[in-house]
Amino acid sequence: MTTTGPTTQPVTTTQPATTTVPAATAQPTTGAQANEAQTLLALINAYRAQNGAGALTEDPTLDQLAAVRAREQAQQFSHTRPDGRSWYTVYEDYGVARGVGSRAEDLALASPGTAPAKFLELWQNSPPHNASILDKTYTRIGIGYYTDPAQNEKYAVLLLSS
């Protein structure tokens, strides 16, 4: 885990990829945070283009799973889920079959007013996060946000897949 400030902590990890199948009950990020997710995707794709990597395609199933993982961060900011299992078990829980390729999860924690550009900057300043964002093998992305008013924290999750 890399800490880039007192309230900002990006984290990344990589696992084998999935084949996208409709998620059963996961709900995507909605409202203003869905607009922020679109802005973040545009910023990530511009950054990838500047660095010779192709654009990532938004994957609605990955969006749903990223939203689940973002909500889970309020319970435990970690690649380990609140029930003690690894982060990638969210795929299995929502009916997403394991496939060939690779996948990664990037996490960030900041204050509620944090803009998408700041989340990208945090990940860019962390070598493992920067590497996953620029990894040319990834072609799909899911973005989830969750703001926890009780803890006054905002969580962002990227799920990347080939």
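Residues are numbered from 1 along each chain as its sequence is written, and side-chain values use heavy atoms, with hydrogens and water left out. Because the model is predicted, local features need pLDDT of at least 70 and side-chain atom pairs count only at pLDDT 80 or more, whereas totals for chains, interfaces and linings use all residues.

Helix α2 covers residues 60-73; helices (H or I, at least four residues) and strands (E, at least two) are DSSP runs, numbered from the N terminus. The end C-alpha atoms of α2 are 20 Å apart, which agrees with the 20 Å that its 14 residues should span at 1.5 Å a residue, where the expected span is 1.5 Å times one less than the number of residues. Of these 14 residues, 12 are buried, so α2 is largely enclosed by the rest of the structure; buried means under 20% relative accessible area, exposed over 50%, and partly exposed in between (1.4 Å probe, protein chains only).

Among the buried residues of α2 are R69 and E72, and both take part in salt bridges, each a side-chain nitrogen of Lys or Arg within 4 Å of a carboxyl oxygen of Asp or Glu. R69 meets E105 at 2.7 Å, N to O, and this pair links distant parts of the chain, since E105 lies in strand β3 (residues 98-110), 36 residues apart from R69. R69 counts as buried at 0% relative accessibility, and E105 is buried with a relative accessible area of 0%.

E72 pairs with R81, also at 2.7 Å, N to O, while R85 meets D83 at 2.8 Å. Salt bridges that share partners join R69, E72, R81, D83, R85, D93 and E105 into one network.
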